[in-house]
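Trainee: Before we discuss the arrangement of this protein, could you bring up the sequence and the structure, so that we can go through them together?

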Amino acid sequence: MVQNLGNGIEAPAFVYNVNPARIVFGAGTLASLAREVSAAGCRRVLILSTPFQKPDAERLASDLGELTAGVFSEAAMHTPTPVTNAAVAKYSSCQADGVVSLGGGSTIGLGKAIAYRTDAIQFAVPTTYAGSEVTPILGQTEQGKKTTLRSNIVLPEVVIYDPDLTLGLPVAMSVTSGLNAMAHAIEAIYAQDRNPISSLMAVEGVRSLRDALPQIVRVPYDRTARGLALYGSWLCGTVLGTVGMSLHHKLCHTLGGSFDLPHSETHAILIPHTAAYNELAASDQLAPIANLFGGRLGAGLWEFAKSIGSPVSLKELGLEEADIERAADVAVQNPYWNPREIDRNSIAGLLRRAWAGQAPQS
Ligand code: NAD
C-alpha cells in the first residue's frame, strides 16, 4: 500500500473503488422517502419487510399513498430463493418499478435479490446495524446451500438512515448487530486491498459504535446514541462493501451456513477471538482500533462485549461441542487470504474457546 520514496519518506499507493449511492442521513429522514422515490424517477414501489415489521411496512405504504404498489412482508434470513420468487411475482403483478426495503439485512437482502432479477431501483431503509444496504454483495440460499455474489446491480441506489427507526431495536439485538458492524471494520483495516479512506472509515466506524453502544444499553431510546450507532454502522458497512474480508467472515459464514447459527450473535461472539488471532500478524494496521480498547484488541473487545451484555459462547447459541471439529474442517476447506496463516488446529482451538466462552488468545 505504500511506496518508499527514500530517506524513510513513504507515499501512499492504492486502488480505491467507490460504490455509488445516495445516502440520506438523520433523524426524521424517512419523511423524505416520497421525494426520493419521485426524484429517482419511480412511479410505484413495492415495500418489503419481515413478518415482524409488517405493521411498519403497512404504515409506510399508507404514508406513501399513490407511490405504493404493494407490500410484501415475507423477508427471511439468508434470502431463501422461494421467498425471492414469490416477491418477484408480486413485484411484476403489481407493476412496481422500485422496491423499498424497510428492515435489517434480511429485508435488504430480499430487495437486492429482486433487483438482481428485475433491475428494480432500490430504496433501502435500514433498521439494524448489519450494513448490507451499502454493499454490492448478495447472499442467497437454495435448498439449504448458501451462495454469495457481488454485482453493482444489487447495490441500493438510495439509502435513508433514520435513527428514529432504530429507537425500538431491542437492546440485545443492538449489541450484537453493533458488534457485527465492528467486525466489518476490523477485517477491513487489515484487508489486502485496504486503502487510506477505507481505513479512516473503519476506525471512525468502530469508535462511533464503541461510544454509542454502552449508552444504548443504559438508555435504549437515547436519540444521540442511536444516531451515532447508525452512523458507525454506515461507515462499517461501507468498508465491508469496499474491501475484502478474511478469517472472521469466513468462520461466521461457515457457522451460519452449515450449523444454522444466528447471524449477528455469531459475529458478536467470534470477533474478539478472530481479532486476537490476527492481532500479531497485523498489529500495525490494527493499532488505531486496538487503542480504542486499551491497546490489546482481542482482550479489550472481549471485555467490552461482556460489559454491554453480548453473548460470549457459541454453546449459548446451540452449537454442539461435537460440531467444533467439523466446523474447523469446513472453515479451512477453501484457501483464502488472511494476514496470519490459517492452520486447522489453531482454528479448532479458537472455536473451542469461543464455544466455551473463554477469553481469546493470540
Ligand atoms: P434481520 O434483518 O434478520 O433482522 C432480525 C429480526 O429483527 C427480524 O425479525 C427483523 O424484522 C427485526 N428487526 C429489524 N430491525 C428492527 C427494529 N429496529 N426493531 C425491532 N425489530 C427489528 O437481521 P440482520 O442482522 O440485520 O441481518 C442478517 C442478515 O443480513 C443475514 O442473512 C446476513 O447474511 C445478511 N447480511 C448481508 C450483508 C451483505 O452485505 N450482503 C451484510 C450484513 C448482513
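Trainee: How much area do domain 1 and domain 2 bury between them?

Mentor: This is a predicted model, in which local features need pLDDT of at least 70 and side-chain atom pairs count only at pLDDT 80 or more, whereas totals for chains, interfaces and linings use all residues. Residues are numbered from 1 along each chain as its sequence is written, and side-chain values use heavy atoms, with hydrogens and water left out. The domain assignment, which is automatic or from a database, gives domain 1 as 22-166 and domain 2 as 171-356. Taking buried area as the accessible area (1.4 Å probe) that two parts lose on being put together, summed over both, 63% of it lies on carbon and sulfur atoms, and the total is about 1,800 Å².

Trainee: Which three residues supply more than any other three of the area that domain 1 buries against domain 2?

Mentor: In terms of contact (heavy atoms within 4.5 Å), 19 residues of domain 1 meet 22 residues of domain 2. Of the area that domain 1 buries there, 34% comes from three residues, namely Phe25, Tyr129 and Ala130.

Trainee: Which residue forms a salt bridge with Asp164?

Mentor: A salt bridge here is a side-chain nitrogen of Lys or Arg within 4 Å of a carboxyl oxygen of Asp or Glu, and across the interface of domain 1 and domain 2 the rule finds 1. With the closest N and O atoms 3.1 Å apart, the partner of Asp164 is Arg223.

Trainee: Which strand gives the most residues to the side of domain 1 that touches domain 2?

Mentor: Strands are DSSP runs (E, at least two residues) numbered from the N terminus, as helices are (H or I, at least four). Strand S3 (22-25) and strand S9 (145-150) each supply at least two residues of that side of domain 1. With 3 residues, the strand that gives the most is S9.
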